[in-house]
Amino acid sequence: MDDKREPTEAERAIVLARASLQEEYEQAKEAGDQDVMDGIREVVADLDAELRESGVRGPFPPLDPESKSVRKRSTRRRQESPDLPRQKVSRSTVGREYAGKYRPSMFLTLTLPSYGKVGPDGAPIDPDSYDYRQAARDIIHFPALFDRFVQNYRRASGRDVQYFATVEPQRRGAPHIHAGVRGSDPRAMIRQLTAATYHQVHWPHFDQDVYTPDRMPVWNYTMAAWVDPDEVDPETGDPVPVPTWDQVMDLMDEMDDIEPAHVVRFGQQVDVKGILGGTEEAGRHIGYLTKYLTKSISEVIEPQSDRAARHYDRLHEELCKTPCSPRCGIWLRYGVVPKGANEKTVPGRCKGKAHRRDTLGLRGRRVLVSRKWTGKNLTDHKADRVEFVRQRLAEAGISKEDVSRFRIAPAEPGDPDVPPREYLIMSMVAEKIRQRSQYDIARLAQAEQDHDSRETVAGQQDSANPDAA
Ligand SMILES: [Zn+2]
């Protein structure tokens, strides 16, 4: 790829649009509007992918730049971790080849550790000894753990490992990941890799409550700061400010050997299956990967028993005490003012998806695809999703505009009929929001229909399967 070429008109326009989105992101952040921030983050990720795909090299400026000094953390491996084999990452994206023609792939399932024995409904046998704290923290940091796994895998295998993975909750409420990986590696290597992979969370510790829901820090308008509700400085008589995130992190930088606030690892149970591309088995595994994607997470974790419902409640309670990011309002509970907090911050609370009861902490991204996953690119996956949504909408009697009669031609630079790129992108965002609400309506309609038909006859299933009648 040509590194030093001039960016094209289109690329320049995307960069411009990205910059204006960045500005809006700042505003949303100021206003504490998490939903808008999430939306913009998604669009910017798409734009970055588009830029990268067209050959523009990053890094692109992050939406949340690290403040002031870049913090350096020890990358020392913890003693108990087995060493990772390391090789230079080659450009090759495929693994070993057998007999010159079979190029097998693998299907991996990675789970989180045990927090206590559970029954078939996912509820713990002994809820009192179940490690809810560890379980909640692991849920929050699971995405980072998988990222680390992929990095380590690429180092260990020496190739640019490609995967298509889905994240789903298990009955016990812990996420696990199914990944189709292109190429194959020895099982023992995968096991060693999984055991060696961990993610350390270098945050202030949050083990002890400093404040409780009935006694939280308060916003002091004169000082424009979060202060202790009771304590006053004996000399000045002023309220005492609660230390900020940056202050606590700076303090931690000055101290040696601070244990990470949390370490997340995979469980012992690693499932590795070799599959041959194009075989029936491969199809079955792909089906498995996509099975859950048509369901919302809350459907997947519908409790199977009263005990399971209580279990989910308790896990949710713990998630409400677990900070999800440096900006999380829950930090005030532990005596730390979160990054970006202002008078609008609700102390001890956070609207982030990580704390929601219906999804038990699982956040939006359920499909993780590496950039060079064979065959389909991001646009193809989007097209698949679009088709699925189109069908749902059609079932609810909402049809999308037929665009097949339009002829689409690329616009020449300087064409006066072409609206500015920023306008196109913003209207795309608005259209997405409109479609999303249509889709929600369709889903609601579908749910009602399902409910009704369940009340009357079991005809629905039978019609889908003529043999059953
Ligand atoms: Zn949060």
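Of the 55 residues in the largest nonpolar core, those touching the most other members are A135, A136, I139, L315, W331 and V337. Such a core is a set of buried Ala, Val, Leu, Ile, Met, Phe, Trp, Tyr and Cys residues joined through C-beta atoms within 7 Å. A residue is termed buried if 20 or more other C-beta atoms lie within 10 Å of its own, exposed if 12 or fewer, and partly exposed in between, with C-beta atoms placed from the backbone. At least two residues of this core come from each of β1, α3, β2 (163-169), β3 (175-181), α4 (187-196) and α8 (306-319), and α3 gives the most, with 11 residues. Another core, of six residues, lies apart from it and includes I14, Y25, M37 and I40. In soluble globular proteins, nonpolar side chains tend to be buried together.

The model is predicted: local features need pLDDT of at least 70 and side-chain atom pairs count only at pLDDT 80 or more, while totals for chains, interfaces and linings use all residues. Residues are numbered from 1 along each chain as its sequence is written.

The protein has 11 helices and 10 strands; these are DSSP runs numbered from the N terminus, helices being H or I of at least four residues and strands E of at least two. Among its 469 residues, 22% count as buried. Of the contacts with a separation of 6 or more, 71% are between residues 24 or more positions apart, a contact being two residues whose C-beta atoms, placed from the backbone, lie within 7 Å.

Helix α3 (residues 132-157) contains 26 residues and spans 35 Å from its first C-alpha to its last, close to the 38 Å expected at 1.5 Å a residue; the expected span is 1.5 Å times one less than the number of residues. The helix bends by about 55 degrees at H141, with a proline, P143, following within four residues. The bend is the angle between axes fitted to the seven residues ending at a residue and the seven starting there. Beyond neighbours within four places in sequence, I139 contacts A174, P175, L319 and G361.

L110, in strand β1 (residues 104-110), is buried because 24 other C-beta atoms lie within 10 Å. Not counting residues up to four places away in sequence, L110 touches H176, I177, T194, F266 and V270. The C-alpha atoms of L110 and Q269 are 7.1 Å apart, although 159 residues separate the two along the chain.

Strand β2 is largely enclosed by the rest of the structure, because five of its seven residues are buried. Seven bridges pair β2 with β3 in the antiparallel sense; two strands pair if DSSP finds at least two bridges between them. A165 stands opposite A179 in β3, and the hairpin has five residues between its strands.

Strands β5, β6 and β7 form an open antiparallel sheet in the order β5-β6-β7. Its edge strands, β5 (218-220) and β7 (239-241), each pair on one side only. Two bridges join β6 (residues 225-232) to β7, and V227 has P241 as its bridge partner in β7.

| Residue | Position | Phi |
|---|---|---|
| G158 | follows α3 | near 75 degrees |
| G173 | hairpin of β2 and β3 | near 95 degrees |
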